[in-house]
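Let us walk through a protein model step by step. Keep the sequence and the 3D view side by side as you read.

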Amino acid sequence: MDKNNYTSLHGFILLGFSDHPRLEMVLSGVVTIFYLITLVSNAAIIVASVLDSHLRTPMYFFLRNLSFLDLCFTASIITQMLVNLWGPDKTISYVGCVIQLYVNMCLGSTECLLLAVMSYDRFTAICKPLHYLVIMKPHLCLKMMIMVWGISLACSAVPCILTMNLARCGNNLLDHFLCELPALIKIACTDTTTVEMSVFALGIVVVLTPLLLILISYGYIARTVLRMKSKVGQGKAINTCGSHLTVVSIFYGTVIYMYLQPGNRASKNQGKFFTLFYTIIIPSLNPLIYTLRNKEMKDALKKLVRVAYESTKTKRKWKS
């Protein structure tokens with residue numbers, strides 16, 4: 001049999017942390033807990049921002065999209081990850097690996113671009129407050145989201161195709177718990193320069209360019225905030241932007257470290273823990289970061305909890 005066709009027929013074996021059985025047991029519990037937190041917290045933000053009329057603004061429209069994106073991101077990998085951590089079956093089909101790789105790259109790219117769009121929204125709200133609702137109309141927000149998804153879908157396809165077409169000479173042992181791009185590049189038995197350059201080009205389009213736009217936006221925001229005479233206005237602007245900047249710093253820092261480096265330089269387990277961090281931990285932290293410093297969101301969530309409690313109480317009365 002042609003060794004280059006071996007993986008397409010038999011798929012991959014995900015080694016994960018199989019050499020540390022006890023660590024797998026601990027990680028499976030941690031992953032499950034954070035996944036439940038991600039589901040509940042992001043779903044709560046989506047429902048609260050939809051039901052509360054005070055949160056039907058461009059800022060919360062993009063926050064809903066971020067929460068939805070985080071839900072999709074974790075859901076796309078969590079099943080395979082838990083199967084890998086819990087049971088003896090460490091295999092994934094070739095088609096399953098292709099789908100997982102493409103979906104993860106697409107969702108990651110979308111989040112990078114969405115964070116840049118959110119920074120533009122904050123720039124408009126703080127630097128051009130009188131024209132905010134005129135500029136950030138609902139149809140423009142929708143167009144921005146369509147553009148973000150379109151760019152991500154198109155740009156993620158090229159490195160994904162190039163990576164999956166690399167010759168592996170029959171090597172189907174993937175030293176990871178999911179189909180991650182750096183891990184797939186490592187097992188190639190041919191020159192990977194083209195793939196690594198395509199990944200770097202993708203990084204420029206969906207990571208470095210949006211990051212530059214974010215930095216420019218916050219440069220203007222900082223100048224505007226420093227010129228404000230109202231301390232209350234300064235505090236509100238800092239609270240709103242502080243949440244977004246925290247999310248940007250954590251997410252972009254992790255992604256830049258993971259992808260904007262040659263595929264063979266990461267240590268054996270370092271890449272796995274970074275993947276756990278940005279696929280499981282970050283999506284669970286985002287709702288917390290945005291709600292802790294946002295009074296409107298806190299009030300909306302309290303209202304949602306109160307409505308849910310009263311609804312449950314009413315149902316119990318009817319049953320009794």
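Some ground rules come before the tour. This is a predicted model, in which local features need pLDDT of at least 70, side-chain atom pairs count only at pLDDT 80 or more, and totals for chains, interfaces and linings use all residues. Residues are numbered from 1 along each chain as its sequence is written, and side-chain values use heavy atoms, with hydrogens and water left out. Helices (H or I, at least four residues) and strands (E, at least two) are DSSP runs, numbered from the N terminus.

Start with helix H4 (residues 94-127) and helix H8 (residues 193-227). Their axes come within 9 Å and cross at roughly 20°. Such axes are lines fitted to C-alpha atoms, for helices over the stretch in contact, and angles run from 0 to 180 degrees between N-to-C directions. H4 and H8 are therefore roughly parallel to each other. The angle classes are simple: under 35 degrees is roughly parallel, over 145 roughly antiparallel, 65 to 115 roughly perpendicular, and the rest oblique. H4 passes H8 in a left-handed crossing. A crossing is left-handed if the near helix is turned anticlockwise from the far one by less than a right angle, and right-handed if clockwise. By class, 20 nonpolar, four polar and one charged residues make up the contact of H4 with H8. Here Ala, Val, Leu, Ile, Met, Phe, Trp, Tyr, Cys and Pro count as nonpolar, Asp, Glu, Lys and Arg as charged, and the others, Gly among them, as polar.

Now look at a second pair. Helix H3 (residues 58-86) and helix H6 (residues 138-164) pack at an angle of about 30°, and their axes are 11 Å apart. H3 and H6 are therefore roughly parallel to each other. The crossing of H3 past H6 is right-handed. Which residues of H3 and H6 make the contact? H3 supplies Pro-58, Phe-61, Phe-62, Asn-65 and Leu-69, while H6 supplies Cys-141, Leu-142, Met-144, Met-145 and Trp-149. Contact here means heavy atoms within 4.5 Å. The residues of this contact between H3 and H6 divide into nine nonpolar, one polar and no charged.

Next, go to helix H2 (residues 21-51), where you will find Ser-49. Is Ser-49 buried or exposed? Ser-49 is buried, because its relative accessible area is 1%. A polar atom of the Ser-49 side chain lies 3.1 Å from the backbone oxygen of Ile-46. Setting aside residues up to four places away in sequence, Ser-49 touches Leu-55, Arg-56, Tyr-60, Arg-64 and Met-297.

Ile-46 also deserves a look. Ile-46 lies in helix H2. With a relative accessible area of 22%, Ile-46 is partly exposed. Beyond its neighbours within four places in sequence, Ile-46 is in contact with Arg-64, Ser-67, Phe-68 and Leu-71. Ile-46 and Tyr-60 are 14 residues apart in sequence, and their C-alpha atoms are 8.9 Å apart in space.

Return to H8 and find Pro-210. Pro-210 counts as buried, at 2% relative accessibility. Leaving out residues up to four places away in sequence, Pro-210 touches Cys-112, Leu-113, Ala-116, Ile-204, Val-205 and Tyr-252.

Helix H9 (residues 231-259) holds Thr-254. Thr-254 is buried, with a relative accessible area of 5%. Its side chain reaches the backbone oxygen of Ile-250 at 2.8 Å. Apart from neighbours within four places in sequence, Thr-254 is in contact with Phe-274, Phe-277, Tyr-278 and Ile-282. Thr-240 is in helix H9 too. Thr-240 counts as buried, at 18% relative accessibility. Neighbours within four places in sequence aside, Thr-240 is in contact with Met-59 and Arg-122. Thr-240 and Arg-122 are 118 residues apart in sequence and 8.1 Å apart in space, C-alpha to C-alpha.

Finish in a loop. Cys-169 sits between H6 and strand E3 (173-174). Cys-169 is partly exposed, with a relative accessible area of 41%. Most residues other than glycine have a negative phi. Cys-169 has a positive phi of about 55° although it is not a glycine.

How values were computed
Buried means under 20% relative accessible area, exposed over 50%, partly exposed in between (1.4 Å probe, protein chains only). A polar contact is a pair of N or O atoms within 3.5 Å; within protein, one must be able to donate a hydrogen and the other to accept it, and residues adjacent in sequence count only if both atoms are side-chain atoms.
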